[in-house]
There are 2 protein chains.
Amino acid sequence: VWGIDVGGANLKVAATSGACAARPFALWRDPGGLAGALRELLDELPPAEKAAVTMTGELADCFATKQEGVHAILDAVAAALAGREFRVYLTDGRLAKPAEARSQPLLAAASNWHATATLAARRHVPTGCGLLVEIGSTTADLIPLAGGEVASSGRTDTERLLAGELVYTGVDRTPLFALLPSCRLRGRRCGTAPEWFATAADAYLLLGEMAPEPENCQTADGRPRTLENAHGRVARLVCGDRTLITLDEVRDIAREFREAQLELLAGSVAAALTRWPGVPATIVAGGQGEFLARSVAERLGLADRVIALSEVWGKAASRGAPAYALAALAAESVW
Amino acid sequence: VWGIDVGGANLKVAATSGACAARPFALWRDPGGLAGALRELLDELPPAEKAAVTMTGELADCFATKQEGVHAILDAVAAALAGREFRVYLTDGRLAKPAEARSQPLLAAASNWHATATLAARRHVPTGCGLLVEIGSTTADLIPLAGGEVASSGRTDTERLLAGELVYTGVDRTPLFALLPSCRLRGRRCGTAPEWFATAADAYLLLGEMAPEPENCQTADGRPRTLENAHGRVARLVCGDRTLITLDEVRDIAREFREAQLELLAGSVAAALTRWPGVPATIVAGGQGEFLARSVAERLGLADRVIALSEVWGKAASRGAPAYALAALAAESVW
């Protein structure tokens, strides 16, 4: 069985074996290209007869409503699967036929977190309680787990934002000014430019927590992920350039961003853990930002409670967690 | 004489007579199209033999450095002017030959505020002191004026951010999450999505302070500036859509945004006015956000000190203030 996760900025697919493939795909720019992009990605996996799909891409603003987005994504998935049978993962944990998912688009929308959380709960929190801390490129899911099940209180994205179970911050695409309306510079506070000039990936690259990727041009300005370009992008945040703002200065800005993001997440995790006052809880850490999830646990004095998905599921499966989890869940169910 | 203002998101041109023309132009997406776009815009003005140019577009991230941006913009202006003589406005108030501007790109960069402030100081604050509060689509300039001259302490954009003379917030392009990392919704705080989902223009449209423009698709999602689309865009800020978040709810979010932007600007204006403690200062209000500049003055108890550029220069000249001011300054100088 293939698991397919259609995000707004990234596509991820996985096979039950653990094989995973992923690629950035700016759905909001090219909704018509989704089927083709999925087909190419699925070609990288071992063959399968069936597939299950989950998504968050219906939020992309090429779709006027979530219903429109869910329908368009299911159309593209059907085209990419070329006649293979598939099911749609719903936020109540069921694998529904496409026609049912179409008639209940709000259950099919933004369901990918639930797949990851369900597998994490079954495998790693079969008893007692825990919290999935999956920090992705764009968002973080903080999902309460208890007794082998998902114990979340929100279902839709808006409910999950209100419940603090979705924190819209990530280690790659989040623009720096989202956490830094101003920053320290030359001993003073400096306003920042609310433009798509520099993102979290630039900060973590400058801090050595993410590696340069000279082939990867998924950046704010479309230039490669190199130190020099990250320098230039972060300099632009304070309306400078790399000749006017030094590397040390942009590193300080990156550090301030990291600290703000860590504080936001640590506060959110601490709030989520108040569900189980006094109870030792397992922290299941995963996603592209697993390194930051570990830092969050350390800051909260919970480093010894961490189960890292990169270790128990493998690195590729941790980064493509929803696709991998969905493939595993679908393989276990009968349809 | 023509005055030309090359911004990163908008182009403005004006003639000494007061005739103005403007158009949105996403320079970062299409730097190669600048000359053609300028030529079309200049065709809307009465003929002129000479021109003067000012800019902020060199900050656009299609340019690796400001020097690269200044040179590229001057190339495009020269091409658009097809042999006409032109001068470049510098942040020291001089009109320099293109070759000199090329050799001092940091004086040519981000000079447009200085043109507006110089004309405003000469005409409206010939004696005593004042503050230019020009709120544009993207940024606000808070420029001290005294005795007919510009009394700013910053020259480059970074210096101006540090000095509080440039506040990177505006009434059109500013994304809502820049001022609302969270918002009130259904009696609780709701995190917001740091995506380019909704901008200030949506908020002011929902509040009736900006009119719908069904022909104008310069919006976060490329859909027209209508109430229905603004509703959908702001709903997306809390990861909803217009079927899930009511019009009353998005209006409340718009109100919270307006209040946050007003507070940011009022605080910045109050700080700027501490230059002249105890002295009644003139507030010269202008730009696309002149309505908000008036609200700022009201909040600070300075409503009776306001000179509105839309009234003294005319509405078109107030919106295209740097281009108009530059045309007027250039006509007064000998070259």
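Let's start where the two chains meet: in this predicted model, 22 residue pairs are in polar contact between chain A and chain B, counting pairs in which both residues have pLDDT 80 or more. On the chain A side, three elements each supply at least two of the residues that touch chain B: α2 (66-81), α6 (157-163) and β12 (188-191). Of the side of chain A that touches chain B, α6(A) gives the largest share, with five residues. Sorted by class, this side of chain A holds 24 nonpolar, nine polar and 12 charged residues.

Now step back and take in the whole contact. Chain A brings 45 residues to it, and chain B brings 45 residues as well. Together the chains bury about 3,800 Å², and carbon and sulfur atoms account for 60% of that. Three residues deserve a look on your screen: D61(A), L162(A) and C239(A) provide 18% of the area that chain A buries against chain B, more than any other three residues.

Charged pairs come next. A search over all chains of the structure turns up 46 salt bridges, and two salt bridges are counted between chain A and chain B. In one salt bridge, the side chain of E195(B) meets that of R173(A), with an N to O distance of 2.9 Å. In another, E195(A) pairs with R173(B), and the closest N and O atoms are 2.9 Å apart. Here E195(A) sits in the loop between β12 and α7 (200-206) of chain A, while R173(B) sits in the loop between β10 (166-167) and β11 (182-185) of chain B, so this pair joins two chains.

Helix α8 (residues 227-237) and helix α9 (residues 247-273) of chain B have axes that come within 9 Å and cross at roughly 70 degrees. Because of that angle, α8(B) counts as roughly perpendicular to α9(B). To see the contact itself, pick out L227(B), H231(B), V234(B), A235(B) and L237(B) on α8(B), then L247(B), V250(B), R251(B) and I253(B) on α9(B). The residues in this helix contact comprise seven nonpolar, one polar and one charged.

Terms used:
Residues are numbered from 1 along each chain as its sequence is written. Chains are lettered from A and ligands numbered from 1 in the order in which they are written. Side-chain values use heavy atoms; hydrogens and water are left out. Contact means heavy atoms within 4.5 Å. Buried area is the accessible area (1.4 Å probe) that two parts lose on being put together, summed over both. A salt bridge is a side-chain nitrogen of Lys or Arg within 4 Å of a carboxyl oxygen of Asp or Glu. A polar contact is a pair of N or O atoms within 3.5 Å; within protein, one must be able to donate a hydrogen and the other to accept it, and residues adjacent in sequence count only if both atoms are side-chain atoms. Helices (H or I, at least four residues) and strands (E, at least two) are DSSP runs, numbered from the N terminus. Ala, Val, Leu, Ile, Met, Phe, Trp, Tyr, Cys and Pro count as nonpolar, Asp, Glu, Lys and Arg as charged, and the others, Gly among them, as polar. Axes are lines fitted to C-alpha atoms, for helices over the stretch in contact, and angles run from 0 to 180 degrees between N-to-C directions. Angles under 35 degrees count as roughly parallel, over 145 as roughly antiparallel, 65 to 115 as roughly perpendicular and the rest as oblique.
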